[in-house]
Amino acid sequence: MSFQEQIHDVAQLACIELFTPKFEESFWFFHDVLGMTPTEDDGKSCYLRGYEDRYHHSLKLTRSDKAGIGMVGWRASSPQALERRVAVLEASDNPGKWVEGHKGYGRAYEFTTPDGHKQHLFWEVEYYEAPAELKSKLLSRAQKRPLRGVPVRRLDHVNLLCSDVTKNGKFLQDNLGFLKRENVVFGGSDELAAWFSVSPLVHEVAFTKDQAGPGNRLHHVAFWYGNQGQMLDLADILQEYDVTVEAGPAKHGVSQAYFMYVYEPGGNRIELFGDTGYLIFDPDWKTLTWDESNFFNGGGVWFGGELPQDFFVYGTPIVEAAMAEAETKDTVAEPAE
């Protein structure tokens, strides 16, 4: 009996880059509402981190003319692991290139998913050094817990919209060692969504079928704050400060995590993760498949209300309005019967 041994060459999701057309408002959201700490601003991008993120940054917030995701950064588990994964990627149908000069980490191998989402894989990182006034008495905490906002502890995961969930997921499985934890399949046809991880977390990356665009877009980025009891207070605060809450507080069936989905002022969907969900330690884990018989009866939401229709179609960069306009024109142009 053959057994596909897990590849442990990718250690963790380390950072992501978000584009925003409303930089000051987006900075307010991540700094004041989420309680993230800026490490520097180079005039084009501001680099921020949760108080238990150990590296220079987990969020690169970049000034842009439209919302969306720029880059997803992964740390390898060793220098040797980085070289092994690069060798595999070089031999794949979608090779990349080495890049340098990025803040917070050293030389990185840049490649894309089949849909075009830019990824960086690296080993060398710059660790955050808290100034004296921000040093925590907890040796395991990178800085004091901020006295503002949620505050979020760390970056948790990213969900990417794509044209073909299976193709993009298989690329990560075959070339980087990701494991498929859960998925959604309706009618026995193509996957509508799938969740992947390289650690006991139920997912660090997910792919969702882009129902309203060409793929290569962002569905959401999630930050973890680790206490579902904060959710009601947080929802109250978000209402006070006119932050749009799309869904929640509630609990997913997929991942079993408490959540709220909100829109930051630049237009990107942000998930606030109230706990870790369940953890996976079984090395022989089999993918859990949801279908039309159970996804809308416990899968998408275990309790706390339904997900709105926009949840399944909205992404950044925003293309929904343009597509709706095109559909309207097509409808008008059709001859009456």
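Predicted model: local features only at pLDDT ≥ 70, side-chain atom pairs only at ≥ 80, totals over all residues.
Student: Which residues of α2 are buried?

Tutor: Buried means under 20% relative accessible area. In α2 the buried residues are A81, L82, R85, V86 and L89. They cover an arc of only 135° around the axis, so they sit on the same side of α2.

Student: What do the buried residues of α2 pack against?

Tutor: Here packing is read from contact, with heavy atoms within 4.5 Å. The partners are the strands β1, β5 (68–76), β6, β7 and β8 (118–122), along with helix α3 (165–176).

Student: What is the order of the strands in the sheet?

Tutor: Two strands pair if there are at least two bridges between them. This open sheet has 8 strands in the order β2-β3-β4-β1-β5-β8-β7-β6, and the pairing is mixed. On average, neighbouring strands are turned by 25° against each other, direction ignored.

Student: How many bridges join β6 to β7?

Tutor: There are 3, and β6 runs antiparallel to β7 (residues 108–112). As one example to find in the structure, K97 has E110 in β7 as its bridge partner.

Student: Which strands does helix α1 lie across?

Tutor: Helix α1 (residues 23–33) lies across β1 (10–20), β2, β3 (45–49) and β4 (59–63), and runs at about 165° to β4.

Notes. Residues numbered from 1 in each chain as written. Heavy atoms only, no water. Helix = DSSP H or I, 4+ residues; strand = E, 2+ residues; numbered from the N terminus. Axes fitted to C-alpha atoms, helices over the stretch in contact; angles between N-to-C directions. Buried < 20%, exposed > 50% of the residue type's maximum accessible area, 1.4 Å probe, protein only. Arc of directions from axis to C-beta.
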